There are 2 protein chains.
Amino acid sequence: MNQAPTVPDDPAPDEPTGTISAGKYRGLRTLADARGVFRMLAVDQRPPIFAALAAHDGRRPEQVGYDEVQWVKLLLTRVLAPASSAVLIDPIWTHPRALGVVPGSVGLLSTLEDHAFAVRGGERFSRAIEGWSVAKIKRSGAAGVKLLVWHRPDVSPENQAHQDDLVLAVGDACRAHDIPFVLELLIYPLGGENVASAEYAKAKPRLVLGSVRHYSQERFGVDLLKVEFPNDLKFVSEFSSGAFDGRRREAVHDLADTRGFLAELNAAAGVPWVMLSAGVTPREFEVQLELSAAAGASGFLAGRAVWLDALSVYPDLEAVERDLRSLSLPYLNRIAAVVEAAGPWTEHRRYRGAPTLSNDGEAWYREY
Amino acid sequence: MNQAPTVPDDPAPDEPTGTISAGKYRGLRTLADARGVFRMLAVDQRPPIFAALAAHDGRRPEQVGYDEVQWVKLLLTRVLAPASSAVLIDPIWTHPRALGVVPGSVGLLSTLEDHAFAVRGGERFSRAIEGWSVAKIKRSGAAGVKLLVWHRPDVSPENQAHQDDLVLAVGDACRAHDIPFVLELLIYPLGGENVASAEYAKAKPRLVLGSVRHYSQERFGVDLLKVEFPNDLKFVSEFSSGAFDGRRREAVHDLADTRGFLAELNAAAGVPWVMLSAGVTPREFEVQLELSAAAGASGFLAGRAVWLDALSVYPDLEAVERDLRSLSLPYLNRIAAVVEAAGPWTEHRRYRGAPTLSNDGEAWYREY
């Protein structure tokens, strides 16, 4: 029922190797919980945090100060990290001060991309934070590198090449430093598309699936995909009469379609994948997670669905902390319970039942 | 009451900087428990394991096979690692297969030194495992580097220079890779000394304290010292009538002396320190730990006191596993309770109350 672009020129998925290197294996185990499911908290957001803090007194996001952002991020981390298997931090506002509040038993994942990106012809050209690198992330003791690339399968060859080059470079650096590469994929509107429209909702599955398929190629060296839900549940007939926000919308898909898209996503993902929350409401994210876990997701890497509501009482920091404890923490525990139904990353078909180390013979330490 | 050599040529302890780098801070937090106390399990032993496995059928240690050692080490790790804050593994027999049994929430520490050392004039010349390195340990995702150096303060200038050069090189590499450096110091008999004699027991405190003082100099770059108990409790009047092994011995010290040596050790240690078990019985180690924790130790890094007894039923692997669960695991929990009285490493005077990051300003990620 939708006619969004396909990506006929992408090769068939690579044959899984079934193997993993020592550093990547250790890193992924550190990021996951004891069962092998990712319950990761994101506090690396930048524009969404600036906007939330600016909102309370009508400032512009760029008027929000460094210390203010740092303080809020440390508060989120201090309250919520202990209930997570890992925390995703940014290097500018969160890391390294967060080191003092992230328990040693909780994994550390660091963000590489700049939140600012160049735009040409409406297309987004991602880049790494200047002065930050995979080498520095590894040195700092983090267990993984996260890179967000804006993407859609129907971009110009110039944009595609730029985004691919970035992903390839990060993939190579992660291989060299033997650290897991977590690639986040986000689609975005082009040519006047309206993300809140039924048309966009119709086009979304092909865009999301095309991106996942493209970056699942072995050459990119991705170890874990952080993906968005493949369609918009607000336009799904079972929820379109306002289940999440009270607004009635056109139904462009139904739940059976949704499960189909998720099955396609799982088939397209050449590596384990987790769900991101992309600013949807807590209730909607919970439904997304339930469906994703059933379809093969290995957990979540989520931020705003968990903690954004608690920032509505900003700048009363005591009230923010109270809401984090009374609302966000129970919510985090609830979605942890949802992903109890998820399969561990180690059971992804890539690893054929259990990861095999790419080298574990008697001489491995000499050859490593 | 003893006349062992002193080390008059070592400088006074360096003024503590109070600061720590991001990677070392994260690494130490990962190795410690939530409270900042180290409850680390050592399974990196080599000759002691070869000997224990060879003992049951009268083989020589060198007749013990690779797979046999690997299997036993993995069993120890699988049963005991989940009850530890970190596990110390060797790269040849344990790592990387242990990656599959060490929980991601438990820190990983890797051994650098070869168990074989050169001997000239009775003096021991330590060396790293050929083909293994700080860079590889870091790449593999471990949170710390452990190096054992044999030492005594009264060795020849040639031996001293050799051991110092090794420690300096490892310290430099750990700084470069920003990973904690755990230095283990062990004294040894020279010139026909008998380690089981009253004379050796008398000489021991000056030897142990001299080594600790020497390697606490800032230039060596050590982050955590793994030290032996400064005197021999079997020669301490309160225990010398056979408290640990039923054998009566001459009393060369008393408990007040012992507490004095521990206070000196704590004063000499320029960095946090943990107690090693060095093959003493579980009962003796428990007493050592109780006294050390009271004197300033930040926990333990112990192996044989925890699991050696369980290997007495080898090669019945089911019986070994049963004993590990019914004897070693409760013992590990008991010594964990003993170090509940220990102070966290973060409170070591080096950090003046709490570690400060050597760089946590707005531009840290660019300068790091």
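**Entry 1**

I note here that the model is predicted.

I then asked which elements of chain A supply at least two residues each to the side that touches chain B. They are helix H1 (22–31), strand E4 (107–111), helix H4 (134–139), helix H5 (157–177) and helix H11 (364–367). The largest share, 6 residues, comes from H1(A). Sorted by class, this side of chain A has 19 nonpolar, 13 polar and 13 charged residues.

**Entry 2: extent of the interface**

I looked up the contacts next: 45 residues of chain A are in contact with 45 residues of chain B. The area buried between the two chains is about 3800 Å², and carbon and sulfur atoms give 54% of that area.

**Entry 3: a histidine in chain B**

Is His214(B) buried or exposed? I find a relative accessibility of 6%, and because buried means under 20%, His214(B) counts as buried. This residue lies in helix H6 (residues 198–215) of chain B. The side chains of His214(B) and Gln160(B) are joined by a polar contact of 3.0 Å.

**Entry 4: aromatic pairs**

I searched the whole structure and found 22 aromatic pairs over all chains. Trp150(A) and Tyr188(A) make an edge-to-face pair, 6.2 Å centre to centre with 90 degrees between the planes. Trp150(A) lies in strand E7 (residues 144–150) of chain A, and Tyr188(A) in the loop between strand E8 (181–186) and helix H6 (198–215), so the pair ties together parts that are 38 residues apart in sequence. Trp150(A) is buried at 16% relative accessible area, and Tyr188(A) is buried at 1%.

In chain B I examined Phe50(B) and Trp93(B), whose ring centres are 5.3 Å apart; their planes stand at 65 degrees, so this pair is edge-to-face. Phe50(B) belongs to helix H2 (residues 47–55) of chain B, and Trp93(B) to the loop between strand E3 (86–89) and strand E4 (107–111), 43 residues apart. Both residues are buried.

Finally, I recorded one aromatic cluster formed by Tyr25(A), Trp345(A) and Tyr351(A).

How values were computed. Residues are numbered from 1 along each chain as its sequence is written. Chains are lettered from A and ligands numbered from 1 in the order in which they are written. This is a predicted model: local features need pLDDT of at least 70, side-chain atom pairs count only at pLDDT 80 or more; totals for chains, interfaces and linings use all residues. Side-chain values use heavy atoms; hydrogens and water are left out. Contact means heavy atoms within 4.5 Å. Buried area is the accessible area (1.4 Å probe) that two parts lose on being put together, summed over both. Helices (H or I, at least four residues) and strands (E, at least two) are DSSP runs, numbered from the N terminus. Ala, Val, Leu, Ile, Met, Phe, Trp, Tyr, Cys and Pro count as nonpolar, Asp, Glu, Lys and Arg as charged, and the others, Gly among them, as polar. Buried means under 20% relative accessible area, exposed over 50%, partly exposed in between (1.4 Å probe, protein chains only). A polar contact is a pair of N or O atoms within 3.5 Å; within protein, one must be able to donate a hydrogen and the other to accept it, and residues adjacent in sequence count only if both atoms are side-chain atoms. Rings of Phe, Tyr and Trp (its six-membered ring) pair if their centres lie within 6.5 Å; planes under 30 degrees apart count as stacked, over 60 as edge-to-face and the rest as tilted.
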